[in-house]
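Welcome, and please load the model in your viewer. We will go from one residue out to the place where two chains meet.

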2 protein chains.
Amino acid sequence: MLIVKKFGGSSVANKTRIFRVAERCIEDYRAGHDVVVVLSAMGDTTDDLIAMAHSIHANPKKRELDMLLTTGEQVSVSLMAMAMQSLDVPAVSLNAFQVQMHSTERYGNARFKRIDTDRITHELDSRKIVIVTGFQGVNKYDDLTTLGRGGSDTTAVALAAALHADRCEIFTDVDGVYTADPRIVKNAMKLDEVTYDEMLELASLGAKVLHNRSVEMAKKYGVELVVRSSLNRSEGTVIKEKVKMEKMLITGVAADTNTARISVIGVDDQPGTAFRIFNTLAKNNINVDIILQSVGRDGTKDISFTVSEDDLDDAIHILEDHKEALTIKEITSNRDVAKISVVGAGMMSNPGVAAKMFETLYNARININMIATSEIRITVLVDKKDVEKALNAVHDGFAGQLE
Amino acid sequence: MLIVKKFGGSSVANKTRIFRVAERCIEDYRAGHDVVVVLSAMGDTTDDLIAMAHSIHANPKKRELDMLLTTGEQVSVSLMAMAMQSLDVPAVSLNAFQVQMHSTERYGNARFKRIDTDRITHELDSRKIVIVTGFQGVNKYDDLTTLGRGGSDTTAVALAAALHADRCEIFTDVDGVYTADPRIVKNAMKLDEVTYDEMLELASLGAKVLHNRSVEMAKKYGVELVVRSSLNRSEGTVIKEKVKMEKMLITGVAADTNTARISVIGVDDQPGTAFRIFNTLAKNNINVDIILQSVGRDGTKDISFTVSEDDLDDAIHILEDHKEALTIKEITSNRDVAKISVVGAGMMSNPGVAAKMFETLYNARININMIATSEIRITVLVDKKDVEKALNAVHDGFAGQLE
């Protein structure tokens, strides 16, 4: 079996942890498997390097920043190879140039285009554990790129896809994917299995277990992902295309507090108004999430939508700049809001989920500001102060239907 | 003019120094020159990385150690590019993969085989300052190698040769090449010019201004080297093929305390004895320096020679192991010795130099243990305690003849 194992920065933050990871990988190796290990930079290395860069240049070019940051993973992989060698296991570290991990041009946020497998396969064939730098690629100019935060997950999945690995294990500091954040919802349960789509909805809703792009890639290439703890031996959560549907109605409940509501008041109730507003925001790289449009009255209407809280100020600026052209009378906003979502593939064939959710929130006396749904998700916007209460209420409301 | 400028680790040890180097390079750039900068790792980075490696593995594989160490220069060059960019000068950092600095296979002590110039030339043509990682290469397996300590000098010279640079400036913490170590010999003077051969003799004798291999390479490719201070604006010392000979008899006086004497007593006075002894040592990578053989007597003779002090124990071990085969009766050694040398191309046509040297040492009551000469060098072995006195005596003795 060929296994790709990915460990984050905290798992390799010091000598003791490096050896713990080494031993864990060696177990699989000794069991006869081919093992490819993907590592992030040690501990806070990446943040430290970024701080160093900012001490030199207020806004360093991403090309040079990537050149700097990619050293972090190279340190991790070489030390890991030494650790395995000190345990008498043949190992070799490889960086993005050596593997030939071809990425798009874009510095700081590149995507993989193609990963060569020759070198890795050659090293595996000579029975070495292969340790690869996560988070980085090489673009067509032969420059180093990084994949953006959490990119090492993507590296692991991309390698698993390119190598046709039997499984791709992502090690984190949690036991797996839970029905809700266990720090907030005391009855949260670990899921044994979850579909790619459910994982994507959960991840985009703030369950920060996996980098979203890595799940998208796993879905695209059919890579069986396992999220498991680097701290214990529990089995973790398997993420794949299909899971035992009959057992599940709701997979999980998630909250996202990095959100804010904007309302544009009194815009012309004419075709094209909404298009112009959202097109203006899109051109300025503002992603809009839930949208709610009031029924028109007196020739005008109100449109509310959510953006990520980080984008709120920019979004308001842009709307103010185009206030006249967009026929906006007034702009209001609220950052004290949060999204609560229930996610589950079983929802598609069960129309009662939305009603159930609204009922549990009503019983908990939580006001719903906005509602949005997808095929496998229902999201409501509530006041930020109600997040914990809402999460627990919804989770408990569906408790019987959770796997 | 195309100028290659090399700065060592202490010159880029912190933000202030990085900017000082940046400004110095920018002056040449603004004067219209093409500028290539070669950097070592910041401050103690390399030592820190080595210590980190040793905390993981008592004797890490050199392949992985090189993978680790090469991150040090990559950090330097990316930060330098940011510093120049913050001063509004276009700059780009390149590592060994990007330049394609092809080296021999040998990890930890590789040599350059070929350096591609396409990428650098392309960046220079678009009027960027090009900042290249020193000390590192890529071997035929696509693995990173390092050139051994001081290797960044070699990188600079190799780049200057490949690019047909007009000059190659090596910045150090001294003003240039001196007639003797100014910390020991108070009358030591800075040389304006010195030949490659003289520099080689001086360097191999402990004047640690330049990495020897870099001087050999400069000589081979006719690269005009300049050694100058990174701390001030003094002109430094030019190292080239021919200098104004008429002015010079002696270029410098150097001491080397990393030496030890071994004597093998009572070996057979037969042809081949010396060959077998030195062949045995050579096969075990022990470099032998000065050799003195006594005239045979009673069918036996004594042979004395010097090795570097680091090799002394190994050398004695090896000789003990082969004592019988090499017909050695007894082995004696002495590590309390030092080599004192006078170097100068002018010596070739002036037979009085040796006599003058012996005279000055005799006047200072310093005992000479062994003597060895080359075309441009005379070396004597003295007791280690006499080093300072000997250096000053010889230097002052030749003072009138020093440039």
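A residue counts as buried under 20% relative accessible area, as exposed over 50%, and as partly exposed in between (1.4 Å probe, protein chains only). This is a predicted model, where local features need pLDDT of at least 70, side-chain atom pairs count only at pLDDT 80 or more, and totals for chains, interfaces and linings use all residues. Residues are numbered from 1 along each chain as its sequence is written, chains are lettered from A and ligands numbered from 1 in the order in which they are written, and side-chain values use heavy atoms, with hydrogens and water left out.

**First stop.** Select S76(A), in helix α3 of chain A. Because its relative accessibility is 2%, S76(A) is buried. Now show its contacts (heavy atoms within 4.5 Å): beyond neighbours within four places in sequence, S76(A) touches V12(A), L39(A), S40(A), A41(A) and M42(A).

**Second stop.** Show both chains: 39 residues of chain A are in contact with 39 residues of chain B. In chain A, colour I56(A), E64(A) and M82(A), which lose the most area to chain B, together 21% of what that side buries. Buried area here is the accessible area (1.4 Å probe) that two parts lose on being put together, summed over both. The two chains bury about 3,200 Å² between them, 63% of it on carbon and sulfur atoms.

**Last stop.** Select D143(A) and R119(B), a salt bridge whose closest N and O atoms are 2.7 Å apart. The rule (a side-chain nitrogen of Lys or Arg within 4 Å of a carboxyl oxygen of Asp or Glu) finds two salt bridges across this interface.

Technical notes. Helices (H or I, at least four residues) and strands (E, at least two) are DSSP runs, numbered from the N terminus.
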